[in-house]
Amino acid sequence: MEIGNKGISRLSVIQVRASHSDKAEVVTQLLFGDHYTVTGISDDKKWIRVQIYYDKYEGWIDAKQHTDISEAYFDQINNADYKICTDITSTILYKKHHTTIVIGSILPIATNEIFKVEEQLAFNGEAKSLGAKRDGDFLKQIAFKYLNAPYQWGGRSPFGIDCSGFTQNVFRICGYDLQRDAWQQEKAGTTVDFRDIQLGDLAFFKNKEGKIVHVGIALEDNQIIHATGKVRVDTLT
């Protein structure tokens, strides 16, 4: 393995850590189908540093969890309109083994037939085209699928998710790209007056120092769905 190699997650969830140790903070997670570039290798070669293609986030993963792919396949993934799983959990048949995946996983099933699929898998769950944009009721439906998911710093799965991982995943499923952290997400989009909040707007929260520390998704009737302790609905005031 060398720096610059390409990889893809072929496990349901892979922890991405702040440094090359099992004791290190989890900064984010790779879900099935997330692809990345190798940007570093630990001295003992047991850990690799990766940059996730989707949001350019970086961190360390266990080298045993790495699946190597070619540069050509990496480029194909970047341009193919693959499917994204909309089931909370589902099962795929991958390389003759059943693998459990979670909502937000990317499936190498292209809607454009010019793309040749390098890996064959069988999937009968619910999914939508990654590039198809949805909002309103569909966005709310996806957000509520995460309801009661426990809060986990760095998490992106329905079994543990943080506030910005929640918003990022919901919007990705709906066809919109968001960065990983709340402070990054706050820099995108257009500011709206509190009185004009609509379903699907992002609501950001600052601490006493003025730093963005939390984000959630606005609902109707001055409510918000967000990950704090768990994914829950509260009154937005």
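**View 1. Arginine 172 and aspartate 34 form a salt bridge, with their closest N and O atoms 3.0 Å apart.** Arginine 172 belongs to helix 3 (residues 163-173), whereas aspartate 34 sits in the loop between strand 3 (26-31) and strand 4, so the pair ties together parts 138 residues apart in sequence. The model shown here and in the other views is predicted. Arginine 172 is buried, at 9% relative accessibility. Aspartate 34 is also buried, at 2% relative accessibility.

**View 2. Lysine 64 forms a salt bridge with aspartate 62.** The closest N and O atoms of this pair are 3.1 Å apart. Lysine 64 is exposed, with a relative accessible area of 72%, while aspartate 62 counts as buried at 15%. Side chains of opposite charge can pair when their charged atoms come close.

**View 3. Arginine 232 forms a salt bridge with aspartate 234.** Here the closest N and O atoms are 2.8 Å apart. Arginine 232 is partly exposed, with a relative accessible area of 34%, and aspartate 234 is partly exposed at 21% relative accessibility. Elsewhere, salt bridges that share partners join Asp34, Arg156 and Arg172 into one network. The count of salt bridges comes to nine.

**View 4. Helix 1 (residues 71-79) has the buried residues Tyr73, Phe74, Gln76 and Ile77.** These residues cover an arc of only 160° around the axis, which puts them on the same side of helix 1. An α-helix has 3.6 residues a turn, so residues three or four places apart point the same way. The buried residues of helix 1 pack against strand 1 (6-8), strand 4 (35-41) and strand 7 (67-69). The face turned away from the buried side of helix 1 carries the exposed residues Ala72 and Asn79.

Definitions and conventions
Residues numbered from 1 in each chain as written. Predicted model: local features only at pLDDT ≥ 70, side-chain atom pairs only at ≥ 80, totals over all residues. Heavy atoms only, no water. Buried < 20%, exposed > 50% of the residue type's maximum accessible area, 1.4 Å probe, protein only. Helix = DSSP H or I, 4+ residues; strand = E, 2+ residues; numbered from the N terminus. Arc of directions from axis to C-beta. Contact = heavy atoms within 4.5 Å. Salt bridge = Lys/Arg side-chain N within 4 Å of Asp/Glu carboxyl O.
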